[in-house]
Amino acid sequence: GKRFGFNALPPVKAKGYTNPVPIFEPLSPLARRWGRVKKNFVGRKPEIKHLENLAKKITLSPLPVSKLVIVSAEAGAGKTAMIL
């Protein structure tokens, strides 16, 4: 079966783009969790706060901003849980 489903929404005007940008709404339960901190997520508060601040800085910047974030750790350290 499908793990991800998305509903196409009307394109929006976005900073740095000439043409409207297509956007999508997640439909599957797994996709709806993206961007939400899990209630039972233990630790990593400073790291999560840093990522939140970076995202706000990029989003609110009056100029186009590009950033690359690399999250590395041993297997089972919670990288995916922290990012999703």
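Mentor: Let's start with a term: buried means under 20% relative accessible area, exposed over 50%, and partly exposed in between, using a 1.4 Å probe and protein chains only. This is a predicted model, where local features need pLDDT of at least 70, side-chain atom pairs count only at pLDDT 80 or more, and totals for chains, interfaces and linings use all residues. Residues are numbered from 1 along each chain as its sequence is written, and side-chain values use heavy atoms, leaving out hydrogens and water.

Trainee: Why is Glu 52 called partly exposed?

Mentor: Its relative accessibility is 34%, and that value lies between 20% and 50%, so Glu 52 counts as partly exposed.

Trainee: What makes Lys 49 and Glu 52 a salt bridge?

Mentor: The rule asks for a side-chain nitrogen of Lys or Arg within 4 Å of a carboxyl oxygen of Asp or Glu. The closest N and O atoms of this pair are 3.9 Å apart, so the pair qualifies. By this rule the count comes to 1 salt bridge.

Trainee: Why are Lys 49 and Glu 52 separated by about one helical turn?

Mentor: Because they are 3 residues apart in helix H2, residues 45-60. Helices are DSSP runs of H or I with at least four residues, strands are E runs of at least two, and both are numbered from the N terminus.

Trainee: Why does Lys 49 count as partly exposed?

Mentor: Its relative accessibility is 43%, so Lys 49 falls in the middle class.

Trainee: What is the place of Glu 25?

Mentor: Glu 25 sits in strand E2, residues 21-26, and is partly exposed at 36%. Its C-alpha atom is 6.4 Å from that of Ala 8, 17 residues away along the chain.
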